[in-house]
Amino acid sequence: MAGQRAQWKGFIKFGEVSAGVALYTAASTSDRMTFNTINKATGNRVNRVFIDSETEEPVPKEAQTKGFEIENGQYIIIDPEEVAATIPESNKTLEIEAFIPCSDVDDVYFDKPYYLTPDRMGSDAFAALRDGMRKSKVAAIARTVLFRRMRTVLIRPHGKGLIATTLNYDYEVRSSQKAFEDMPKMKIEGELLDLAKHIISTKKGDFDPAAFDDRYEAALEEMVKAKIDGKALPKRKKVEVSAPSDLLAALRESAGLMKAAAGEKPKRTAANANTGVGRGRAAGTAAKAASSKTTPQRKAG
């Protein structure tokens, strides 16, 4: 991928066939607006300092180490070299252990997505794997050492390449039964259910990621611009939550509005990460506004 540095390079192996591959980050938060922590009294940036919990004295980096708490206030000291020794050795190979139906893995196990591309040599083997998986409608489960940890990876065909999604371990995923155990048993039927189904049917469409803006990021940009220009800050709109007694009336009203607008449904396109257009930093507009001022401004983020 031009202009982007590979996060990992190695081989993907299926059966006795291997192909060189490179792993690239598929999603990043680097374009989000960020802020520095500032001292209100001086306007200066604040630096992070680690403090001893008992002596309240600063602890320099060279005096810091790891520790595991065995009981309240009692720790086993762990040397960084001991931690390093537990990191599994990497053979730089994504070894496919099984091919499974794409729907077999619940997306609650999904961690982070990466683009997997051929790395010069082995392009034919890579393409054979990709096209074979696509024709068979399967995904692959593989394991390797990524970023100093043994990771399980779900690999799926995507465009001209593959997407490798690292998976959470079972112990990392919390039980849905525990999450929903306090919910009362409810059975909705009659007009209430019919109205809900009607609203759903009139709002059917396709997912287009470009149609959904990050409203929080846009609001931050608007706020920073307002402060730079000395304007009043935008006010948050109050959200009205429907009371249970008003639910049926609200559904009736929604169904009427949906029915009236049914002939004006906007066209949407299917989601495809390959067609996404890169966006500039959200703070860009604010930065331009700041640079146009004649009076120097203190950097906010």
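Which residues is Thr93 in contact with, leaving aside its neighbours within four places in sequence? They are Trp8, Phe11, Lys13, Arg143 and Thr144, where contact means heavy atoms within 4.5 Å. Thr93 lies in strand E5.

This is a predicted model, in which local features need pLDDT of at least 70 and side-chain atom pairs count only at pLDDT 80 or more, while totals for chains, interfaces and linings use all residues. Residues are numbered from 1 along each chain as its sequence is written, and side-chain values use heavy atoms, with hydrogens and water left out.

**Overall make-up**

- The chain has 7 helices and 9 strands. Both are DSSP runs numbered from the N terminus: helices are H or I with at least four residues, strands are E with at least two.
- Of the 301 residues of the chain, 21% count as buried. Buried means under 20% relative accessible area, exposed means over 50%, and partly exposed lies in between (1.4 Å probe, protein chains only).
- Thr93 counts as buried, because its relative accessibility is 14%.
- Among contacts in the chain with a separation of 6 or more, 66% join residues 24 or more positions apart.

**The barrel**

- 7 strands close into a barrel, in the order E1-E2-E6-E9-E8-E7-E5, with mixed pairing. From one strand to the next, the twist averages 40 degrees.
- Strands of a sheet pair through backbone hydrogen bonds, either parallel or antiparallel. Here, two strands pair if DSSP finds at least two bridges between them.
- Strand E1 (residues 8-14) pairs with strand E2 (residues 17-25) in the antiparallel sense, over 7 bridges. Ile12 stands opposite Ala19 in E2.
- Helix H2 (residues 123-136) lies across E1, E2, E5 (93-101), E6 (110-118), E7 (138-146), E8 (149-158) and E9 (161-167). H2 runs at about 70 degrees to E8. Axes are lines fitted to C-alpha atoms, for helices over the stretch in contact, and angles run from 0 to 180 degrees between N-to-C directions.

**Aromatic pairs**

- A search of the whole structure finds 2 aromatic pairs. Rings of Phe, Tyr and Trp (its six-membered ring) pair if their centres lie within 6.5 Å; planes under 30 degrees apart count as stacked, over 60 as edge-to-face and the rest as tilted.
- Tyr114 and Phe147 form a tilted pair, because their ring centres are 5.8 Å apart and their planes are at 40 degrees. This pair links distant parts of the chain: Tyr114 is in strand E6, Phe147 is in the loop between E7 and E8, and they are 33 residues apart.
- Tyr114 is buried, at 9% relative accessibility. Phe147 is partly exposed, at 39%.
- Tyr169 and Tyr171 are stacked, because their ring centres are 6.0 Å apart and their planes are at 10 degrees. Tyr171 is exposed, with a relative accessible area of 67%.

**Helix H5**

- Helix H5 (residues 215-229) has 15 residues and should span 21 Å at 1.5 Å a residue; its end C-alpha atoms are 21 Å apart, which agrees. The expected span is 1.5 Å times one less than the number of residues.
- The buried residues of H5 are Glu217, Leu220, Glu221, Val224, Ala226 and Ile228.
- Gly230 follows H5, and its phi is positive, near 70 degrees.

**Confidence**

- The chain averages a pLDDT of 80, and 79% of the residues score at least 70. pLDDT is the predictor's confidence in each residue, from 0 to 100.
- Confidence is highest in E9, at 94, and lowest in helix H7 (residues 284-291), at a mean of 48.
- Over residues 264-271 the pLDDT is below 50. Where pLDDT is low, the predicted coordinates should not be read in detail.
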